[in-house]
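Let's take a walk through a protein model together, one piece at a time.

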Amino acid sequence: MSKLVLVDVTVNGVRYQRQVEPRLLLSDFLRHELCLTGTHVGCEHGVCGACTILFDGESMRSCLIFAAQANGHEIRTVESLGTVDKLHPLQEAFQEKHGLQCGFCTPGILMTVLPFLETHPEPSEDEIREAIDGNLCRCTGYQNIVEAVKLASEKIAARE
Amino acid sequence: MKPAPFDYYAPASVAEALDQLAELGYNGKVLAGGQSLIPAMNFRMAQPAALVDLNNIKELEYIQPTADGGLLIGTMTRDSKVEYSPVVIQRAALICETMPYIAHPQIRNRGTFGGAMAHADPAGQLPGLAVALEMRMHVRSKTNDYWVNADDFFVGPFASVIQPDEMLVEVAIPALAPRSGTCYRQVSRQRGSQALVAVAVRVTLDEKGECVGANIVMLSVGERPILAKKAAGVLIGQIASAGAILAAAEIAATEEIDPGSDIHATAEYRHAAANVLVQRALTEAFARAQGRSSNTQKTSIQNEDTGG
Amino acid sequence: MTKRIFGKPIKRNEDPRLLTGQALFVDDVEIPGMLYAAFLRSDYAHARVNSIDVSTALQRPGVVAVYTAKDFGDFWKPGPLQVPPPSAIPGAVFNARTLIPMAKDKVRYSGEPLALVIAESRYIAEDAMADIVVDMDPLPAVTDMEKALEPGVTLVHDDLPSNLAANVKQEKGSYAEAAAKADFIIKRRFLIDRGAGGAIENRGFVVNWDAKAQTMNIWASTQAPIPLRNGIAARLGLSDTQVRVITPFIGGGFGPKIMTSMPDDVLLPIVARWLGRPIKWIEDRRENFLSTTAERDQLHYAEIAVTKEGKILGVKDVFYHNTGAYDPYGMTVPLNTQTHTTGSYNVPNYYTEVRMVFTNKMVVTPVRGAGRMYGVYVMERLMDAAAKKLGMDPAELRLKNLIQPDQFQVHTGITGQDFVENVLDSGNYPATLARAKEMIEYDKLVKTELPKLRAEGKRVGVGIVCFVEGTGVGPYEGANVAVDAGGKVNVATGISTQGQGHFTVFAQIAAEQLGVSMEDVRVVTGDTGVFHWGAGTFASRGAVVAGSAVNKAALMVREKIFKLASKLLKVPEDRLELADGRVFVSSDPAKAISLGELSQKSNPTRGVIEPGVEPGLEATAYFGPPYGATGQGSTAMLVEVDPGTFEVKIKRFVLVHDCGTVINPMILEGQLQGGVQMGIGNSFYEQLAYDENGQLLNASFMDYLMPQATDMPLRMELDHVVTPSPLNPLGMKGVGEAGAIPIPACFAQAIENAFADIGLEVSNMPLNPSRLYELVKAAKNS
């Protein structure tokens, strides 16, 4: 077995220090080492987008990053958005517009849309579809997801 | 689909990285953005014994305008940073035009400009642009330090001149001559998926409106980005005309490429599509060179030209 | 007063947990001491296995066990037939060759398991796979369905005389007579190729054997928890009550997760017993493409006999169905094809014959649509060919032959997947076609819009097709409804959920009948420890069959509520009302009793009770329809093709659907939209590409392409026609597969329409830009 390396990482505002095998994928680290199972694994080759998280504020595929590479960085996962009793406006919008069915791709989409809405507070339909083009959904056909993102942009704007 | 074990090094400086690569020799592999390497490792199609991770080397992340009107881009600069950089939009708009076609935003947030070059994918957009814009690659090892032109840098499928103990440190993009037009066009089965055929062109006119320089580069049609010199030659000394563009496209698409067939497209289709794309790219590039359109024009998914 | 809940677009109960990452999926299950499994799978599609040497793998630190077929001894045997053979159909030939849990002397498909590794982590298990040395002699691979039946060809199953898995012939009337009377007979050959289920969550299985309690708990991403439980208990010699299958949230089913005899289903439970430790197996995406069942792989030789006025006299269809290396799921898929071909139309004479063939490809079992798509494709393509021949507009030809509203119920004379005659129970087929035409402005398109765009050089085309969808089949489902001491309603049913909102629609049904709010209903699905009779989620039957059972049980509870309340309030039942969680006297609302109190009173812990009285406000009910209810619809699309690159955009899309009574319109539309995504995939993007050696060339998302957000039309315009089904009390028909079924047929017609000037014909699916280029070139040259 190769030498373990230290990963000193902040996830959802909480700091963790662990010794890991270099080959441990960030997706597995988050899910099984830190038990943050909201981030899902769909393909492990960077196409489906279910594992998308925020790495220093930018959306990235956690299956294409080694946990060791997160050393010194900040990660945000879906668990940081809201709780069952207090949903984030983005999550509210998804519920209202039926933007999820099985829910498996949903955390990856939420973490993709979150920074997108910060840079595109009034997105057009085209911009939304381009932004979520790297997230595969097999259940919804995307139409309600687009509606949810539009509604979310309005809710977030109203909040400010 | 978990990767095989490897030894891991995370140098903090270029010097440290070069030392590490010198020590590891054939056993060492550079890890840049990882967006191509890690999927291959997860499939166990790649099983490097050791990875030298460049992601902690801040000194490799920069976009620097140069006095001659060009750019220097550090190898670890993230694709998305390049995509939205105002100075890149100004000086090398072709890159910004092409970026939205490269995978998806999440990949571009991690993937690096230099990494894509070193990966040398024959379908890779950035290698294609490197040839089209005559970029120059700066390669270093512990004992060596040299520059190579893009057209000489790519030697075959997934192969560049980089030796096991070497790494790409920066890419130089020359200034675009005045009255130049660039354009990128591709056909892929889906947005962000690998191009079936892609074309990147740069044309330059003199004050009379005659073409004094042209690069026509095609992707996914051979073992590396193909520079269609014969086709370009047809354009030199001409005023851009539909006839000249047609002639150039015909030559480029029939004589200068040798695409293969796969489950997505036949070779014959690729020839035909290459012809169409060269025509479209040249038409638009000439319009931009003449000032009738702009190099910074973005195409949206809904209004990509579907005209003939 | 409780407002009406049934029929409303109520927000889903399950969403908050799914949205916040607090929903349990199978890979989220962590049990102390858990071990991880990985299957070593054959690269060859067809080979003799000479030896498997696992000695090096066993030496690897972290490897706990490695099993090959011989290690399982008598436990190793071919699995059960998950669906009975078609003996109900006279003359049916069926050769059962069910899934084996692991290759023994021979591998028959690329991806078939050769060994099972159990290790401390999946990473180590995969390392150990590379240590295993397999000695195999490759055999010629059988991949072409027609060639597979030629004499002298290599046999997939050596103990059979040929590669014929089944042969079923069905006829209504006499096609030969119809053909003799026809003015035109149009013949075509259609090849429709494979697609994957493509759920974003791969399959998964966690098993925990508690030796001290002698019970086994299983978490599985399954559409069939009860059959899975039954199979595992039987194999292990345990009682049903000792095995509990709990379905967590499932990240998409779409068909392949109905299987209960896959290698993991069969082997992991026994391994867990032997090793005395919990075992987890999570499929990876490559395995999913390679060795999870897929569908869509048929070759049709079809013909239609018509009069010159455009009346259909008869249809004949002889087709090959590729079942892959084994046939564990019987004839469900091809029987669906047979019952869905004549579909929406009056076809007095119909001959259909299926030759099901073994090949060295992965096994075929239902994927959303489950064989219905090809029946619809064949019929609609024949109609289009006939329309061309007759010089008739495609919509006009369809209108002429549609089954009329006053004809129901229509006895089709063809036996379906539930082994009874397929009967069309209700519908208004002309209405769905008319509405679809109206929504896409068909006449305006054909007369003015399209000619105008074509004059500008655009390649645009419109397609409009009709389809039926058999749903809600038996045998039955059950539900238990109970009011607890706090006044909350608990609903439990045996089927599981994969995103179609069962937690909400079943709550809506119960809330409606019991006068409570949605928030006060808790639904448990797919936990055999809570409810343990049922068949599974397939054939668009969940809401219809289980929903009907929920309704029935809720009504029984309602009866009990009124009976007990009448006794306690000393008021006749007909003067009582039930709403807002309480029973009250209509004329004196203050005189009331809450459901919670009623529930407590219904379960005395002292005193005596009247004979014949059951405790609690609880009821269990079962519902089984006499046959499945048939949904129907029409879909239309406008496509634009880039004349240079042959890329295609769907500019407009319309779907009009009749699924009878609607429980939740929001969930209904979601189901339709999702199905359309898969249908578009099957038309232009998705194909599992096997080469002549049976090698799957695209076992990843890089080369198996599923539609993205920018591949979909900007708007899927939906509308509904409602003709309640007489087959269940609520009048429901299923809808889960409807969106997928008609799309390839509609897409093909629209593409042909875009190239009508050169007489382009689309026969085979899927298309892609390169194939379209070739079709256009061929059409121009002919």
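Into which domains is chain C divided? There are two of them: domain 1 (15–19 + 475–623) and domain 2 (384–473 + 626–781), with bounds that come from an automatic or database domain assignment.

## Before we dig in

Keep in mind that this is a predicted model, so local features need pLDDT of at least 70, side-chain atom pairs count only at pLDDT 80 or more, and totals for chains, interfaces and linings use all residues. Residues are numbered from 1 along each chain as its sequence is written, while chains are lettered from A and ligands numbered from 1 in the order in which they are written.

## The two domains of chain C

The centres of domain 1 of chain C and domain 2 of chain C, taken over C-alpha atoms, are 40 Å apart. Where the two touch, domain 1 of chain C gives 16 residues and domain 2 of chain C gives 18 residues; two residues are in contact if their C-beta atoms, placed from the backbone, lie within 7 Å.

Look at the domain 1 side of that contact. Two elements give two or more residues to it, α13 (502–514) and α14 (542–569) of chain C. Here helices (H or I, at least four residues) and strands (E, at least two) are DSSP runs, numbered from the N terminus. The largest share, six residues, comes from α14(C). Sorted by class, the domain 1 side has seven nonpolar, eight polar and one charged residues. In this sorting, Ala, Val, Leu, Ile, Met, Phe, Trp, Tyr, Cys and Pro count as nonpolar, Asp, Glu, Lys and Arg as charged, and the others, Gly among them, as polar.

## Chain C as a whole

Chain C holds 18 helices and 29 strands. Its radius of gyration is 28 Å, close to the 28 Å that the globule rule gives for 782 residues, so chain C is as compact as a globular protein of that length. (That radius is taken over C-alpha atoms, and the rule is 2.2 Å times the number of residues to the power 0.38.) Along the principal axes, the C-alpha atoms of chain C fill a box of roughly 90 × 75 × 50 Å.

How much of chain C is buried? Buried residues make up 61% of its 782 residues, where buried means that 20 or more other C-beta atoms, placed from the backbone, lie within 10 Å of a residue's own. Among contacts in chain C between residues at least 6 apart in sequence, 80% join residues at least 24 apart.

## Chain A

Chain A has five helices and five strands. Reading from the N terminus, its elements go β-β-α-β-β-β-α-α-α-α.

Now find the open sheet of five strands in chain A, with the order β2-β1-β5-β3-β4 and mixed pairing. β2 (14–20) and β4 (58–61) of chain A stand at the edges with a single partner strand each, so one side of each has no neighbour in the sheet. The twist averages 40° from one strand to the next. Strands pair if DSSP finds at least two bridges between them, and two bridges join the parallel strands β1 (residues 5–11) and β5 (residues 74–76) of chain A. Opposite T10(A) you'll find E74(A) in β5(A).

## Where the chains meet

The contact between chain A and chain C takes 46 residues from chain A and 46 residues from chain C. On the chain A side, α2 (89–96), α3 (106–119), α4 (125–131) and α5 (143–159) of chain A give two or more residues each. The largest share, four residues, comes from α2(A). The chain A side divides into 19 nonpolar, 18 polar and nine charged residues.

Chain C also meets chain B: 27 residues of chain C are in contact with 21 residues of chain B. The elements α3 (122–129), α7 (285–291) and α18 (769–781) of chain C each supply at least two residues of the chain C side. Of these, α3(C) gives the largest share of that side, four residues. By class, the chain C side has eight nonpolar, eight polar and eleven charged residues.

Conventions:
Buried ≥ 20, exposed ≤ 12 C-beta atoms within 10 Å, placed from the backbone. Axes fitted to C-alpha atoms, helices over the stretch in contact; angles between N-to-C directions.
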